[in-house]
Structures are given as C-alpha cells and as structure tokens.
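This report walks through one protein chain, from its overall build to its local details. Keep the sequence and the structure in view while reading.

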Amino acid sequence: MELGKTYDPNAAEERWFQTWIDLGYFKADPRREGPVFSMVIPPPNVTGQLHLGHALNATLHDVIVRMRRMQGYNTLWLPGTDHAGIATQNAVEKDLAKDGRNRHQLGRDKFLDRVWQWREEKGGRILQQLRRLGASCDWSRERFTLDAGLSRAVSKVFVELFKRGLIYRDRKLINWCPRCESALSDLEVDHKEVQSSLWFIHYPFADGSGSVTVATTRPETMLGDTAVAVSPGDERYQSMVGTTLRLPLTGREIKVIADAAVDPKFGTGAVKVTPAHDFNDFEIGRRHGLEQISVMDTQGRMNDTAGAYSGLQREAARTQIVTDLRALGLLEKTEPHRSSVGTCSRCDTVVEPLLSEQWFVRVSEMAQRAMAAVRDGRTTFYPERYKKDFFEWMENIHDWCISRQLWWGHRIPAYRCERCNHLTVAAERPPKCEECGGTDLVQDEDVLDTWFSSGLWPFSTLGWPDETPELRKYYPTSLLITGFDIIFFWVARMMMLGLEFMDDVPFRDVYITTLVRDEYGKKMTKSKGNVVDPLDLMNQYGTDAVRLTLAQLASQKGDVTLSHERFAAARAFANKVWNAARFVMMNLDGAPRPLPSPGRAQLGLAERWILGRLDTTVREVTRAVDAYEFNLAAMAVYTFIWHEFCDWYIELSKEPLKAGGEQQAQARWVLVTCFDRMLRVLHPFMPFISEEIWQVLRPYLSEPNLSQHLAVAKFPNALSESWMSTAEAAAMEHCIAATEAINSLRSQLGYHPGQRVRAVIRTAANLNLSSEFAIWRPYALTMAKAESAELVASHEALPGGAVAAVLPWGEIAVLAPDGFDFAKALAVARKKLEEVGAHHRQHLARLNNPEFQAKAAPEMQDQIRERATELESQSRLLSEQVRQFERASE
C-alpha cells in the first residue's frame, strides 16, 4: 500500500470503519481482563437526524473511548435510540394526515403497527450517521427503549415503585397540550415572554352595593372562578373579605377570600381564583376548600360548563367574553402587559393547566439520595458549575407526572376490573381480578413519559432485572457525556432511578457539553437559517477535520463557536499530516523492515529534542483527556505535529537524510518512531487518516506483538527518563527563540522567501554560549535560511544597517538587504501603527460603553475583547519595529 499524492477521505472512511467492525474491534467482552471503561450513548430520538450537537457529543465520546481502548481498558460504548413518544407519534400522524386520515380512524393496534413500520424504515437513520462520524460503539449491542428487554425492565420498575408507595394515581392540575392531547411534565413546557393584555373586570357584589375590580390575563377562564382573593394585609379590601360577589356572565355567587399568595401590587390587588385552570389558584383553592370547575375540554375548547360559550376554542372564547363584558359595562379598561406563557416543547402549542387523573412518582426522597451522591463525590460534574444547577432543581423538585395520553410508548401496566372497579398493577396481564375474581380486566389507556424508560438506560441496557455478566462488569458506567439542556430531563432521573434500583450511581463522571453557536456567536436555529448539517461538513472537509474542529472547540469554559474557516484549517492540518507522511515514506526507500533502533547516545540534539517534545505531548494529551479538557488535548496534538514535527524536525532531518550512513539511519528511525507515536496520539481525534498512514508505516516498526491496526494499537506512554540534559534543553530553547527572531526580522526587512540573511547574535553579559552555539548554529542556519550566523560578546557593537530583537539572554540582529530604504520602511511602519492604534482605541471604547455592556451578547463581547487583545499585541510589535527603523536610520 502506498500513499497517493492527496488524501481521499471518503474512500478511507468507508474502508476503515467497515474493517474495524468486521474484525470486532469495538465489541465488549465482560470476560476480558483489564480496567473497565464503560459508557452508554445518550439515545437520540428515533425521529432524529444528526445535528452539530449530536456530532459534538459523539466526537467527545469517541475520543475518550478510542483512547481507553488503546490504553488496554475493557471498554464498552453502548448505542441505541429512544422511542420518543410524542415526537414519533406526531411524525406518523402527519404522514397519515397527508392521506386525509387520523389515528382514531385506524384504531390503536393498527396505528401502532404503522409506527413500528415507520421506525423500521426511518428510525435507524441517525445511528447510520453516527457510524459515518466514526463512532466506535459496540454496534452488536444496539438497544431501543421499546425493545422487549427494556419493556420488561420498565414494567418491573413501575410495579416495584407502586409497591413501595412511590407511584400513585391522583386528580391534579397538570400541564396539558391541546394539540398533542397529552399531559406534560414541567420540564416539557417552554416558557416564553409574550406581549398580551391585562383586562380589568368589575365583579359586582351580590347585594348590588358596588363591585370589586379584578385584573386578569385570562378572561376566558373566569367562567370557572370560585373566589376572588386579596392579600390579608391589603387595607383596601379588609372590609370586603367574606362578602359575596356575583360572577359576571354566569350569575354564580362566589366569595372574597384573603390569601398570602396574592401580590397586592399586581393589577388592582384583587385577583380571580380559578382552581381548575391555574397552578397558583389550585393551591389557593386547596387551602380554602374551593370548588374546582373546569371549563375546557382536552382540545382547548370550552365545555358544557362554559354555557353559551361551549364549543368555542379558548382564543375565540376570550374574544367573545371580552366583547360581552364591554357590552354589559363590566370591562373597566385594557392595558398592554408582558407575561410568561407556557408552550409545548414538541409542537409549540400554548399549554393549558387542566384538572386530570394522572399517574405520579413521589421523588423527594429519591432526589435527596441523588444529591447526597453528588455531594460525597460518587458522581462528579464537569464543568463543576453544573453541579449548582443540578442542586437548585433537585431541591425544588415536584412529584413527577409520568402518564401521557398517547398510544406510542410503554403502556402503563395497570388493569381495572369492570366488575368491582379494583385496580391491579402487575408486570404481566393478570388472568383475573385479585379482589373479586372477575376476568373482565381493562388495561390503562395511557403510556409512560419517554423519560421514564430513558431514566433506566444505564442498567436496563445491560440486562437488568437479570444479573447479567455485563451488568456486573460495566455498571456503574464510567462517564456520561450529554447536553446541558437535559440535566433535569435525563441526568437527574437516571441518578434517582439508578440509586433506587441498583443502590449505586449510574455513572462516576458527568461531562456537560454546551451550546453550539455559529461564527457570530448566535444560537443555531432553523428560523435563523444558520443551522449547519454535519453531514455536509463531512462531505466538504472530511470526517477527521470535522471531529478535530469539534474537539478543539470543546472548552469547559464556554459555548462552541463554529465557522467554515475552522473546518478549513482542520482540513489543511490533515493535508499537512498527509504530506509529512509522504516525506517520511519517500525517505525510507531501501530502508530495512523493521528499522533497527540506534542507541540513545548516538542521537543528535535535534533528534533527542523532538523525541522529548513528543513525550511531553503524550503527557499533556493524557492529562487533558483524563480531565475532560478535550480542547487542550486536541490543541496539544495539533501544535506538536504542525509546529514542532513538521515545521522543525522534518526540516532538520533533511541534511542527515542526505548524508547517508549512520546519520541517515538515525534520522530515519527518529522520523518513523515519532510518526508512529504521534499517529497513536492523533488517532482518537482523527481515526481515519491516522489508520491510513499507519498501515504503510507499520512494516518499519519493531514493536513486539504489534497489532494489525492502529485502532487497537497501544497508546504511547511518556518515557520516565529525559531525552536531554537541562543544558541541552536550554540550548534548543535558545535555538528556537533565535530562529523565530531572525524570521521575524527578515519579514520586517522585506526579504523574499528564498533570500539568505546575515545574522549576528550578541549574548548578555556574564553568559558564555559559545559551546552550545556551535551545536545549534547549523539548525538555526537551516531554519532561518541564513547565509551566516555569528556570535559576538556582550561588549561588541552590533553592525550598522541592521534591525535587532531583544531576547532574555541576548540580542539578535539581521542586516538589511542591499539598497533597503529605512526611511520609507519607517514611514510605512508608523502609518500601520497609527491605524492599528486607532482600531484598538475604538474596540476599547466599545468595551467600556455601558450600553454595549448591557445589550451586547456575551459571545459578542468576548469577540470584541479578543480582537482588542490582538490589536494591542500588533501595536506592541509595530512600536518595536518603528523603534528599530528609527535606530537604523540614525
């Protein structure tokens, strides 16, 4: 196998992923020895398709599991999908609607057959897309939250929680979506600020002596009012408490009550109480024993209790009620008002608080156990700031409404006897009623909240309730990587249920990914038109480039901000690695296979320096991944390969490679050794190109029991002993600093890339670098493209017609080319300095502007701050350039 002139990502990606799968490299085996590292994938919705959030999450999963696999861990990364109750049912109902049908016309059984058919045809799409990304899951263990094993686990948990008194059925006020016709948990409701109105309505006293003015945002629910409430300390209404009012439009009599929940500053200080349509009113009603009157049905229409308004949609009823109140002289005024409205997170319909008989889980005690597990370190959050969010929600948690009025999902295992009305909860359908022996049992129509089954994911997927080898080996899992938006939906519930049924946390560490934003710092949404399809990015830049970019940007300190320039830079890096590999392979022509290892003492300073830098990189990457600092790990790999191996050592190796003999053998061995080790470090981030290159390099490696593929090769360990002495390390630092200074000065002086420069190095007083300079001078001549480089003592003058740079240990001067016009260069530098200074002042003024500080998005402020820092650095460099040209012009 040879390396072509250019890298073909598509061919390599398809070939190597299938090879790894065919050879079973990703399969977990509980019988295998070694430390354990296990993860479960956050199951994407079966309706889903890959977006950048998924791509980020999967990339970070894959980076760490590939690294752990190479480190000898017994790894398991378990894949699967979630049945996504509401989302999937909505998708299939939309398909039916195209044919003019609905689920009720089909009936429950046929509709479910249709959903299963839809799942078979479209449900595996996102998992195929994750495979395209290179996700090294154990694909033989793919699970689905509605498969037989998980369904058995769900029934078992429901029954056990019911027996323990933690699941109960009650008539409560719940969030209801009229579009989905289902209950929603608090977490499934999005709250949005909207511009609405505040209506001021007169409620007459029953004795005709006057009225109380009530302010409300929902006149349509007034038909269900059972009281008007005022604050106990509000002197305006003290004498009215206990009096009787006549409810407008209905004539029904209601009382004025006093309750501490009333805000005397809202509206008039008197509020209507509708226990069946408002959560605060529900609690007030319970405290005062008020009647609960529901005036809407499950589709958001006014019901028979609404009298003349029966059959109207709630919005139409609001309009008609306001019109009628105005006609009766009972509407005092209307004011604009901003209010928070709850909407269904799935379909964006305004949620209606509705009285309904539902199933609930008592979660307070389970929440306390989950919080204790985080406090005592059994589970750790990364970044740590998310621990505060976790605690705040858990400390204010309410009982969890787990029933949903859907057909697609885990049907609740509760059976009502038609003869005696007794309710039996059982994992399997009982043959007869345990109370009366009747056989006419009807199963509850509702299904469980999707998050109920997802909450069991870490242990149900490993075979629970059976004591399987997988469950014993891989639970608790090592790490969960998931988005910040489902800490409460999913993470908290897995914690509670894992502790309840496994008596241990479901994961040791939780890494929370942040939001993926566009290059302007804006959230990616369909409405903004800035959503980027990761499959398009993979087609354009290659999967490895996409993965590396996502890893480089995955900081624990902020959101991920993407741009095409970043992906293009990662593609350029892949090309850099490919070209470096071609250079190495071209210089191995005729070399023995495997290459013999030279003794350490025979290696030159440059060879030992690059091997030492590689060891440092291995340590940095290992430490960073262990700390889930994926961006630092990715940047460490990038920096070493591009700036140290490619830019420095490849250039320095050219002379010994040409020399032949021992020098050539040493350079070949160092090139191959470095490339092998750096490909192993690179592999978790860029698995495809690294495997492609490693295969042609492999014959030259002399490692015992060498694996056939990089995917399962050993991850390198840094050598404990140093490759260089302290003095040698300092010498290479001097060489690098001197070379960078010379290259900077040659740029200032306008040298063409091929022109050779003359450099003079003056050391600081009391510092003798003559012996080390003799060693690294050839390196500097090569890297700086210098014709000469001379060392002079501290008391000697630098030559005229030169510009210099000051270093901590001396000065570097470069002579100007013949005919260089210092006066002209000085004028240009001064003009650039003035322009950069003006831009810098503009950015500082913007940052210090109170209006900008108050209104600009944090991401925009960060961008301006970073740009100001860049301009300040440019200004310093230009100031030094001006000083140099002024000195040379004297």
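## Overall build

A residue counts as buried when its relative accessible area is under 20%. By that cut-off, 55% of the 890 residues in the protein chain are buried. The model is a predicted one.

The chain holds 27 helices and 29 strands. Its C-alpha trace spans about 110 × 70 × 55 Å along the principal axes. Among contacts with a separation of 6 or more, 77% join residues 24 or more positions apart.

Helix H5 covers residues 108-122, 15 residues in total. From first C-alpha to last it reaches 21 Å, close to the 21 Å expected at 1.5 Å a residue.

Six names make up its buried set: Arg 108, Phe 111, Leu 112, Val 115, Trp 118 and Arg 119. Viewed down the axis of H5, these buried residues fall within an arc of 115°, so they line one face of the helix. The other side of H5 carries exposed residues: Asp 109, Lys 110, Asp 113, Glu 120 and Glu 121.

What does the buried set of H5 pack against? Two helices are among the partners, H3 (85-98) and H4 (103-106). Strands E3 (80-81), E4 (143-144) and E21 (447-448) are partners too.

Helix H6 runs over residues 125-132, and its residues Ile 126, Leu 127, Gln 129 and Leu 130 are buried. They cover an arc of only 155° around the axis, which puts them on the same side of H6. Their cover includes helix H2 (52-70), strand E3 and helix H16 (534-541). Strand E3 also packs against the buried residues of H5.

Just after H6 comes Gly 134, with a positive phi of about 95°.

## Two helix pairs

Helix H1 (residues 9-22) packs with helix H22 (residues 687-697). Their axes are 9 Å apart, at an angle of about 80°. H1 and H22 are therefore roughly perpendicular to each other, since 65 to 115 degrees counts as such. From H1, the contact involves Ala 12, Glu 13, Arg 15, Trp 16, Phe 17 and Trp 20. From H22 come Pro 687, Phe 688, Glu 691, Glu 692 and Gln 695. By class, the contact of H1 with H22 has six nonpolar, one polar and four charged residues.

Helix H17 (residues 543-553) meets helix H20 (residues 630-659). Their axes come within 6 Å and cross at roughly 125°. H17 and H20 are therefore oblique to each other. H17 supplies Leu 548, Ala 551, Gln 552 and Leu 553. H20 answers with Phe 630, Asn 631, Ala 634, Met 635 and Tyr 638. This contact of H17 with H20 has seven nonpolar, two polar and no charged residues.

## A buried strand residue: Phe 381

Phe 381 sits in strand E15 (residues 380-382). Its relative accessibility is 4%, so Phe 381 counts as buried.

Which residues touch Phe 381, leaving aside neighbours within four places in sequence? They are Val 374, Tyr 386, Lys 387, Phe 390, Val 491, Val 510 and Ile 512. Val 510 and Ile 512 fall within strand E23 (507-513). Val 491 falls within helix H15 (487-502). Gly 269 is 112 residues from Phe 381 in sequence, and the two C-alpha atoms are 44 Å apart.

## Cis peptides and positive phi

A cis peptide bond joins Tyr 475 and Pro 476, with omega about -5°. Pro 476 lies in the loop between helix H14 (469-474) and strand E22 (477-483). Another cis bond joins Arg 593 and Pro 594, again with omega about -5°. Pro 594 belongs to the loop between helix H18 (564-586) and helix H19 (605-626).

Leu 249 is not a glycine, yet its phi is positive, about 75°. Leu 249 is in the loop between strand E10 (244-246) and strand E11 (253-258). With a relative accessible area of 30%, Leu 249 is partly exposed.

Asp 503 has a positive phi too, near 55°. Its loop lies between helix H15 and strand E23. Is Asp 503 buried or exposed? Asp 503 is exposed, with a relative accessible area of 59%.

Definitions and conventions. Residues are numbered from 1 along each chain as its sequence is written. This is a predicted model: local features need pLDDT of at least 70, side-chain atom pairs count only at pLDDT 80 or more; totals for chains, interfaces and linings use all residues. Side-chain values use heavy atoms; hydrogens and water are left out. Axes are lines fitted to C-alpha atoms, for helices over the stretch in contact, and angles run from 0 to 180 degrees between N-to-C directions. Helices (H or I, at least four residues) and strands (E, at least two) are DSSP runs, numbered from the N terminus. Angles under 35 degrees count as roughly parallel, over 145 as roughly antiparallel, 65 to 115 as roughly perpendicular and the rest as oblique. Contact means heavy atoms within 4.5 Å. Ala, Val, Leu, Ile, Met, Phe, Trp, Tyr, Cys and Pro count as nonpolar, Asp, Glu, Lys and Arg as charged, and the others, Gly among them, as polar. The expected span of a helix is 1.5 Å times one less than its number of residues. Buried means under 20% relative accessible area, exposed over 50%, partly exposed in between (1.4 Å probe, protein chains only). The arc is that of the directions from the helix axis to the C-beta atoms.
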